[in-house]
Amino acid sequence: MMQNLEILVEKAKKVRENAYAPYSKFKVGAAVLADDGKVYTGANVENVSYGLTVCAERVAVFKAVSEGARQIRAVAIVADTDKPISPCGACRQVLLEFAAKECKVIMANLKGEQVTKSIDELIPYSFTKEDL
Ligand SMILES: [Zn+2]
């Protein structure tokens, strides 16, 4: 599993180069390990209408789900930040929707620093399917 997580970070770092971020210049890459055993990657995609921008993590999750995956075992997120990049609130809610109970969220930067948290640590007292 540990080796898989390192591969995820490497894939997130690589796909980051495909980010479409002409406005913010803030490139982010993400890679999710899905329950089908496959890795799905995503980069942030901005729009001239700024609010339409989609974060890298959501691109990766939506790619996985649209290919038939339904659960995420781990996700890695990488950006060129001083401290390891942290997912925004919207992405935390989207990750929660598909996260396996033991899902790890690996936050990293280009300096090689990493912080790993569980999804519950990132979004405590969350709104879930069980609340409907
Ligand atoms: Zn986000």
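The protein carries 18 positive and 17 negative side chains, and the centres of the two sets lie 4 Å apart. In that count Lys and Arg are positive and Asp and Glu negative, while His and the chain ends are not counted; each charge is placed at NZ of Lys, CZ of Arg, CG of Asp or CD of Glu. Please keep in mind that this is a predicted model, in which local features need pLDDT of at least 70 and side-chain atom pairs count only at pLDDT 80 or more, whereas totals for chains, interfaces and linings use all residues. Residues are numbered from 1 along each chain as its sequence is written, and side-chain values use heavy atoms, with hydrogens and water left out.

Let us start with the overall fold. The protein has four helices and five strands, arranged along the sequence as α-β-β-α-β-α-β-β-α. Both kinds of element are DSSP runs numbered from the N terminus (helices: H or I, at least four residues; strands: E, at least two). For 132 residues, a compact globule would have a radius of gyration near 14 Å, and the protein agrees because its own value is 14 Å. That radius is taken over C-alpha atoms, and the globule rule is 2.2 Å times the number of residues to the power 0.38. The C-alpha trace spans about 40 × 35 × 30 Å along the principal axes.

Next comes the question of cover. Of the 132 residues, 44% count as buried, where buried means under 20% relative accessible area, exposed over 50%, and partly exposed in between (1.4 Å probe, protein chains only). The protein exposes about 7500 Å², with carbon and sulfur atoms supplying 54% of this area; the areas come from the Shrake-Rupley method with a 1.4 Å probe, and for residues only the protein chains shown count as cover. Among contacts with a separation of 6 or more, 64% join residues 24 or more positions apart, a contact being heavy atoms within 4.5 Å.

Now to the metal. The protein donors of the zinc ion are C55 (SG), C88 (SG) and C91 (SG), lying 2.3 Å from the ion, and their spacing in sequence is C-x32-C-x2-C. Donors are N, O and S atoms within 2.8 Å of the metal (3.2 Å for Na, K and Ca), and water is not among the atoms, so sites may look incomplete. C88 counts as partly exposed because its relative accessibility is 32%, whereas C91, at 1%, counts as buried.

C91 is also one of the buried residues of helix 3 (residues 89-98), along with R92, V94, L95, L96 and F98. Their cover includes helix 2 (56-66), strand 3 (72-79), strand 4 (99-109) and helix 4 (119-122). Helix 2 is itself mostly covered, with eight of its eleven residues buried: A56, E57, R58, V59, A60, V61, A64 and V65. These pack against strand 1, strand 2 (39-43), strand 3 and helix 3. Just after helix 2, G68 takes a positive phi of about 110 degrees.

Two other backbone spots deserve a look. Most residues other than glycine have a negative phi. Y125, in the segment after helix 4, has a positive phi of about 50 degrees and is exposed at 88%.
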